[in-house]
Amino acid sequence: MKGQHDSITVKRAFGPVVEGEAVISEEGFSPRYDLDRWTGIITKLGHKLEGTNIKDKICFFPTAKGGIAAGWAFYDIKNKGIAPRAFIFGVTNPVMVQGAIFANITITEGWSQHPAQIIHTGDWVRVDPVRKIIEVLRRAT
């Protein structure tokens with residue numbers, strides 16, 4: 001049976017229910033400047049996730065970075081088949097939300113506690129936007 005330590009709640013959420021491997025970042029994210037939009041790999045030099053492929057992942061970022069280009073960048077990576085299954089932001093902006101909705105990528109904002117307190121990179125999680133909950137289904141080994 002899962003307890004509260006196995007889940008976090010979010011303030012806002014949109015998109016389908018998705019499951020996938022968690023990638024936890026302590027640094028914000030810009031789809032335009034941090035990501036190689038041909039491979040899905042974070043290539044910004046010095047980014048804490050440099051070299052990480054976000055394709056099909058559940059990506060946790062404390063903040064969203066970027067402006068109007070984020071909207072088309074989300075659609076671009078979804079169209080190329082290299083998008084994550086979900087973006088989980090502590091704080092985001094309307095352009096990122098609009099881009100995620102347009103690309104049909106699950107997106108959330110605000111969390112009951114910092115995800116790194118209970119979720120680790122490699123854990124398998126489920127994001128349920130209707131219930132506004134993220135649950136750990138399986139721990140990384």
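User: Which residues of helix α1 (residues 69–79) are buried?
Analyst: The model is a predicted one. What covers the buried residues of α1 includes β3 (35–36), β6 (86–91) and α2 (94–103). The buried residues of the helix are A69, A70, G71, A73, F74, D76 and I77.

User: Which residues touch the most other members of the largest nonpolar core?
Analyst: Nonpolar side chains tend to be buried together in soluble globular proteins. In this model, the largest nonpolar core has 21 residues. Two or more residues of this core come from each of β5 (58–63), α1, β6 and α2. The members that touch the most others are F29, F61, F74, F87 and F89.

User: Leaving aside neighbours within four places in sequence, which residues is F74 in contact with?
Analyst: F74 is one of the buried residues of α1. It is also among the residues of the largest nonpolar core that touch the most other members. Leaving aside neighbours within four places in sequence, the contacts of F74 are F29, P31, F87, M96, G99, A100, A103 and I105.

User: How many residues are in the second, separate core?
Analyst: Among the members of this second core are F60, I119, V125 and V127. The core is separate, and its residue count is 16.

User: In which sense do strand β2 (residues 18–24) and strand β8 (residues 124–128) pair, and which residue in β8 is the bridge partner of E19?
Analyst: Four bridges join β2 and β8, and the sense of the pairing is antiparallel. Within β8, the bridge partner of E19 is R126.

User: Where in the chain do R139 and D6 lie, and how many residues apart are they?
Analyst: The side chains of R139 and D6 meet in a salt bridge, at 3.6 Å from N to O. R139 is partly exposed, with a relative accessible area of 34%, whereas D6 is buried at 12%. R139 lies in the segment after β9 and D6 in the segment before β1 (7–14), so the pair links distant parts of the chain. The separation is 133 residues.

User: Why does the salt bridge of R37 and D76 tie together separate parts of the chain, and how many residues apart are they in sequence?
Analyst: The side chains of R37 and D76 meet at 3.4 Å, N to O. Both R37 and D76 are buried. Because R37 lies in the loop between β3 and β4 (41–42) and D76 in helix α1, the pair ties together parts whose separation in sequence is 39 residues.

User: How many salt bridges does the count come to?
Analyst: Side chains of opposite charge can pair when their charged atoms come close. Pairs in this model include R139 with D6 and R37 with D76. The count comes to 12.

Technical notes. Residues are numbered from 1 along each chain as its sequence is written. This is a predicted model: local features need pLDDT of at least 70, side-chain atom pairs count only at pLDDT 80 or more; totals for chains, interfaces and linings use all residues. Side-chain values use heavy atoms; hydrogens and water are left out. Buried means under 20% relative accessible area, exposed over 50%, partly exposed in between (1.4 Å probe, protein chains only). Contact means heavy atoms within 4.5 Å. A nonpolar core is a set of buried Ala, Val, Leu, Ile, Met, Phe, Trp, Tyr and Cys residues joined through side-chain atoms within 4.5 Å. Two strands pair if DSSP finds at least two bridges between them. A salt bridge is a side-chain nitrogen of Lys or Arg within 4 Å of a carboxyl oxygen of Asp or Glu.
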